[in-house]
Amino acid sequence: MLFSEAFELMFPGRDLSASSLCLSNERCGKAHKRFGSVAKCPLPGHSRNHLHAAGHICVLKDAFMYESPAEIATLTSTDKFDAALAIHLYKAGRLLQGSRIPFGIIFGGTDVNEDLKCTEKRQVMGAVLEEARFAVAFTVEMKELAAAEWPDARKKIYVQSQGIKTTPSATFDWYRFLQNAGIPADTDSLHLFLLVCGLRRVKDPLYLVEVFSDWHRRDSSVHLGIIGPAVDPVFTCEVKEKVKRAAGVHVLQELPQEELQAAVCRCCALVNSSISEGMSAAILEAMDLDIPVLARNIPGNAAIIKHKETGLLFSTPQEFVVLSKSLMNDPIMKKEIITRAKDYVKKHHSWEGERKTYQDLVLRLQ
């Protein structure tokens, strides 16, 4: 089976939207298949864990390492893979066109939200979806977008939100982390906002830099940390160059997943400034960790955040500052948001529910 986000295991803090591929073989009898996956979303590590629990053998690889369906065909044939799961209908799914093995698709977000606008990509995605045994959308809205474009595929598209399970490191050294970032660690008044994302344009990490730096000049206790993998090396250089000139804003060293979650636990709020999102795992993890979320008001974020109830949604950089100040100055509102967000994650993003869905869907690949 082909999976995505193989890098989630190799580099735990990696952006969930980076494409990858995971494969697996029938080595334990007919019931235990060998799967591989091509992906572009937050599920690869999750999917692999769920399938391992069902007795399957999985291998994850980075979809960006491959350029054509012929390369994947050679890989799956040589290593005798039985099925594939592609995460991201275009970036990963295109590699499975004409595949000799059955496969499923997990929408990544930008495929349905952005790539659908491109005629060439839309044609490729339609062909891939036609071949797929099933497809998974994180939200009803995402399913409806895809079904509106490809009506014949409606019955094969299932809705399954991301399951969340957080395990923050108990040995994470917060003060060393701050020291390495050049952030004053000797003050109780520090307010560090963490923007967790892969450095690529769709995540728009520079959206808040100017206004945040202006705010820092008026209040030196506030800092913005941008942390995540350099998905787009050229853009990463642009980000680092701009941040060098922005007081109070820092590009932080990437961390393993458990340490990143521990850092989130110590921050003032988790920030998301993306132009487009499928379903942000970073947001859901922050909610589960009892940390308030400030997110850009886009469909993917609004699908999991109810403004002033489970988080705060902003439409402009200036509004971000206003809402951040209200969060800092109103502990009662902050506590209520944290409590409701935690309840929301427990109710709608069950790790166990996600596991059952993927284990059941895999049966369609036999």
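The questions and answers below look at salt bridges and at one helix in a predicted model.

Because the model is predicted, local features need pLDDT of at least 70 and side-chain atom pairs count only at pLDDT 80 or more, while totals for chains, interfaces and linings use all residues. Residues are numbered from 1 along each chain as its sequence is written, and side-chain values use heavy atoms, with hydrogens and water left out.

Trainee: How many salt bridges does the structure hold?

Mentor: Side chains of opposite charge can pair when their charged atoms come close. A salt bridge is counted when a side-chain nitrogen of Lys or Arg lies within 4 Å of a carboxyl oxygen of Asp or Glu. By that rule, the number of salt bridges in the structure is 13.

Trainee: How many residues apart in sequence are the parts that Arg201 and Glu238 tie together?

Mentor: Arg201 forms a salt bridge with Glu238, and their closest N and O atoms are 2.6 Å apart. Helices (H or I, at least four residues) and strands (E, at least two) are DSSP runs, numbered from the N terminus. Arg201 lies in the loop between strand S8 (191-196) and helix H8 (209-218), whereas Glu238 lies in helix H9 (residues 233-244), so the pair ties together parts whose separation in sequence is 37 residues.

Trainee: Are Lys203 and Glu277, which meet in a salt bridge, buried or exposed?

Mentor: A residue is buried under 20% relative accessible area, exposed over 50%, and partly exposed in between (1.4 Å probe, protein chains only). The relative accessibility of Lys203 is 5%, and that of Glu277 is 8%. By these values Lys203 counts as buried, and Glu277 is likewise buried.

Trainee: What separates Glu241 and Lys244 in helix H9?

Mentor: The side chains of Glu241 and Lys244 meet in a salt bridge, at 3.0 Å from N to O. An α-helix has 3.6 residues a turn, so residues three or four places apart point the same way. Being 3 residues apart in helix H9, Glu241 and Lys244 are separated by about one helical turn.

Trainee: Which parts do the buried residues of H14 pack against?

Mentor: The buried residues of H14 (residues 331-348) are Met333, Ile337, Ile338, Ala341, Tyr344 and Val345. They cover an arc of only 130° around the axis, taken from the directions from the helix axis to the C-beta atoms, which puts them on the same side of H14. On the other side of H14, Pro331, Ile332, Lys335, Lys346 and Lys347 are exposed. With contact meaning heavy atoms within 4.5 Å, the buried residues of H14 pack against H11, strand S13 (312-314) and helix H13 (317-329).

Definitions and conventions: The expected span of a helix is 1.5 Å times one less than its number of residues.
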